[in-house]
Amino acid sequence: MSKTGPCFFAWCDEAKRIEAFAAALSVIVIPGDLVSLMMSSEEGCETPSVDEVLAMTRAHFEGTNNAHILSGVMLSDSERVICVGLSCYTDESERRSSSGPLKLRICESRDFFPSEVPVGRGPRSVEAEAAAAYHMVQGDIEDLLLRLCAPDTSGRVPTGACTDKEDWIAPVEMCATYNANAAELARDLALSWVSLDDKESVSRIAGTSLEALRARVEAAPRGARVPMKGTSELTGSLSRETVLKVLAMPPATLLEALEAAAVPDEAWRAAEPKARELLELRRQLKDEAAGEVPPAFWVDVTTREHTRFLEEHAPFHVCRLPSGGVVLATHPYRTLWPLWTDAIFVLGLMS
């Protein structure tokens, strides 16, 4: 069975949503390619004209009438062309079934994630092969997240995220998040607490102000905790008190702690040199003008061993954006929770 994903999400006010949809569409669709639009009311069109797609969307976007497009996208980092779906949901639809408000999904997971990497003579290294597979998609993950959330300098979208799941879950359990204002980075932790404690859909509350999120955390009983996926008693849960301490600290200190925690671990550093060799071999094999290349064969990187290495060791990236925003990211097989726990431990705030 085919599987979609990863999926990217963005939140913005409904009054600005069509413009956010239009801006994302302008940097996602390949100019001149056919775009297929289907509204929930079954109105639709197939056209190479983005203006025609947007005109129909504006004419019918209301109530539970949402917009869904299919198109090809050129991935900036890997320079591959794949199929994506971009959806824009009304607030009324969000109240009935959380899906957006803006959602970008890869049509076929197998088209996005590499299934093979080349290896040469000598002993194989599952770790290096997995690391090479990481580098083949990580740049595209961050690029697509920014195309959806920050296609221009308008700042319409305050926050967004990416996961290999179908739904927008707690930010610290996603593989990437975007915040338009680095000073509100603690939103990821507060939003995670509120969604897990109150069992609320993140897509409905992602736009809640930081002050309102703080008030909801403060309203919880002292000592309250929410379960997290961790390897110890402390990292397996998040306390109300930890969240409040993080919210009270200077944003710059939190960002610096996350940057310090994003250092690759020893296992990843050991795999990197060989991974770079595999990536260079792949480049040579795909470059018709490269001339004679070393003997090589392709190996499967979808095994449980490769996946487990990425789940446990894929590095984190903390990217300060020129706009003043910040992206936290790792491979879709991993979550951001280990990055947060390391930073919180360093700051002495874990309880």
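Helices (H or I, at least four residues) and strands (E, at least two) are DSSP runs, numbered from the N terminus.

## Basis of the model

The model is predicted: local features need pLDDT of at least 70 and side-chain atom pairs count only at pLDDT 80 or more, whereas totals for chains, interfaces and linings use all residues. Residues are numbered from 1 along each chain as its sequence is written, and side-chain values use heavy atoms, with hydrogens and water left out.

## Salt bridges

The structure contains 19 salt bridges, a salt bridge being a side-chain nitrogen of Lys or Arg within 4 Å of a carboxyl oxygen of Asp or Glu. In helix H12, Arg-276 and Glu-272 are four residues apart, about one turn of the helix, and their side chains form a salt bridge at 3.3 Å, N to O. Arg-276 is partly exposed at 47% relative accessibility, while Glu-272 is buried at 17%; buried means under 20% relative accessible area, exposed over 50%, and partly exposed in between (1.4 Å probe, protein chains only).

In helix H6 (residues 138–149), Arg-147 and Asp-143 are likewise four residues apart, about one helical turn. Their side chains meet at 2.9 Å, N to O, and Arg-147 is buried, with a relative accessible area of 10%. Arg-124 and Glu-129 form a further salt bridge, at 2.9 Å; Arg-124 is partly exposed at 46%, and Glu-129 is buried at 1%. Asp-198, Glu-200 and Arg-216 are linked in a network of salt bridges.

The largest nonpolar core has 51 residues, and Leu-189, Leu-258 and Trp-340 have the most contacts inside it. Such a core is a set of buried Ala, Val, Leu, Ile, Met, Phe, Trp, Tyr and Cys residues joined through side-chain atoms within 4.5 Å. H7 gives the most to this core, with six residues. A second, separate core of 45 residues includes Phe-21, Leu-86, Cys-88 and Leu-321.

Asp-188 belongs to helix H7 (residues 187–198). Asp-188 is buried but has no salt bridge, and the nearest side chain of opposite charge, Arg-187, is 6.1 Å away; Lys and Arg count as positive and Asp and Glu as negative, with His and the chain ends not counted. Leaving out residues up to four places away in sequence, the contacts of Asp-188 (heavy atoms within 4.5 Å) include Pro-171, Asn-179 and Trp-340.
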